[in-house]
Amino acid sequence: MLILGVESSCDETAAAVVQDGKRVLSNVIASQVKAHEKYGGVVPEIASRKHTEAIIPVILQSLEVAGVGISDLEGIAVTRGPGLIGSLLVGLSTAKAIAFAHGVPMVGVNHLEGHIAATLLLDPPPAFPFVALVVSGGHTNIYLVKDFQDFTCLGQTRDDAAGEAFDKAAKLLEIGYPGGVVIDRMARQGNPGTIAFPRAMRDSLDFSFSGVKTSLLNMVKKQGRLFTEAELPDVVAGFQEAIVDVLVQKTLKAAENAAMTRVVVCGGVAANSRLRERFYEDGKEKGMDVFIPPPVLCTDNAAMIAVVGEHLLKKGKRDDLALNAVSRWPLELRP
Ligand code: KG4
Ligand code: ZN
């Protein structure tokens, strides 16, 4: 099937054309980073407005790059949630309009299931069942994934998501936006062993990142100034290592407990170079196969939404024009 994916849940306006849930013919992403930079985080009002401006050009470009017309499409898959309601509505309304005007079947997709499905674009893809870590700006969840639509949550964050911790730390340190990307780059010049940051909840599969964030804040407060350019690389390397450590250890532990040898890592933070390195190394040591999409398919994109859409549409699932956006949509619940 030839599916158009549409994604607008947060601050990326994205459209992609994917064939048979495997071949990415186009993957267009319009980032809003510049619009939110000066606020140090995503401003929902601005995000909605930017999506409205970008959605049509992005969809048209995705069709053009793929070399297909709207009449060639056999389905439209659109992110329905979770995410910012105003942002979601832009993609959803546009998808509905195209589906209605051209008589193309449409289906709403869970953004988190999309992140996991991005891994199915790898060659070879992971076979079901597997354990998946979804780690992004809004989520840090470990799932046992038996199939599409079959998820059991094995662990989740009790406070901040890992991406949120990176973003808040970068804001506190005044080193730039978006935080995860800046810290990833800067940490490469630093020594992760110079400063020890706390690792929370060692005996659980749940996460907590508020402690590591607070310990950074306390360091700044105690010395009464921000870190110098010379000090920063060691600070962010230590901070990143503390987050990476718990993500890797708990996910591999969850896989071990569930007797799984396949581990999937996805979501925006899975673009982190140290996290990728550690997962491949530690996974190998434990005899596990680790699957991580390339960075461009880790951060928000619409190809991952089209992969889930292909599966749902093939099974006969259709949504009508009454479909609404949802800000919260845990994966283990089905509407
Ligand atoms: O999946 P995503 O694009 O959007 C959400 O669904 O949240 O994830 C965005 C998050 C942000 O918190 C961002 O800082 C983080 O992913 N991120 C990274 C890297 N690239 C993006 N975190 C660490 N290292 C990176 N290279
Ligand atoms: Zn995401």
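Predicted model: local features only at pLDDT ≥ 70, side-chain atom pairs only at ≥ 80, totals over all residues.

Q: How many helices and strands does the protein chain have?

A: The protein chain has 11 helices and 10 strands. These are DSSP runs numbered from the N terminus, with helices being H or I of at least four residues and strands being E of at least two.

Q: What radius of gyration does the chain have?

A: The protein chain has 20 Å, which agrees with the value near 20 Å for a compact globule of 335 residues. The radius is taken over C-alpha atoms, and the globule rule is 2.2 Å times the number of residues to the power 0.38.

Q: How much of the chain is buried?

A: Buried residues make up 53% of the 335 residues. Buried means under 20% relative accessible area, exposed over 50% and partly exposed in between, with a 1.4 Å probe and protein chains only.

Q: Which residues touch the most other members of the largest nonpolar core?

A: In that core of 48 residues they are F209, F239, I243, L247, V265, L275 and F279. Helix α8 gives the most to this core, with 14 residues. A nonpolar core is a set of buried Ala, Val, Leu, Ile, Met, Phe, Trp, Tyr and Cys residues joined through side-chain atoms within 4.5 Å.

Q: Is F279 buried or exposed, and what does it touch?

A: F279 is buried, with a relative accessible area of 0%, and is found in helix α9, residues 273–285. Not counting residues up to four places away in sequence, F279 touches L133, L247, V248, T251, L252, V263, V265, K284, V290 and I292. Contact means heavy atoms within 4.5 Å.

Q: And R278, where is that?

A: R278 is also in helix α9 and counts as buried at 9% relative accessibility. Leaving aside neighbours within four places in sequence, R278 is in contact with E241, V244, D245, V248 and G283.

Q: Changing topic, what coordinates the zinc ion (ligand 2)?

A: The zinc ion (ligand 2) is coordinated by H111 (NE2), H115 (NE2) and D300 (OD), at 2.0 to 2.1 Å. Donors are N, O and S atoms within 2.8 Å of the metal (3.2 Å for Na, K and Ca); water is not among the atoms, so sites may look incomplete.

Q: Where do H111 and H115 lie?

A: Both lie in helix α4, residues 111–117, four residues apart, about one turn of the helix. H111 is buried, with a relative accessible area of 7%, and H115 counts as buried at 1%.

Q: Finally, where does α2 bend?

A: Helix α2 bends by about 40 degrees at A54, and a proline, P57, follows within four residues. The bend at a residue is the angle between axes fitted to the seven residues ending there and the seven starting there.

Q: What do the buried residues of α2 pack against?

A: They pack against β1 (2–7), β2 (12–19), β3 (23–31), α1 (33–37) and α3 (85–102).

Methods:
Residues numbered from 1 in each chain as written. Chains lettered and ligands numbered in written order. Heavy atoms only, no water.
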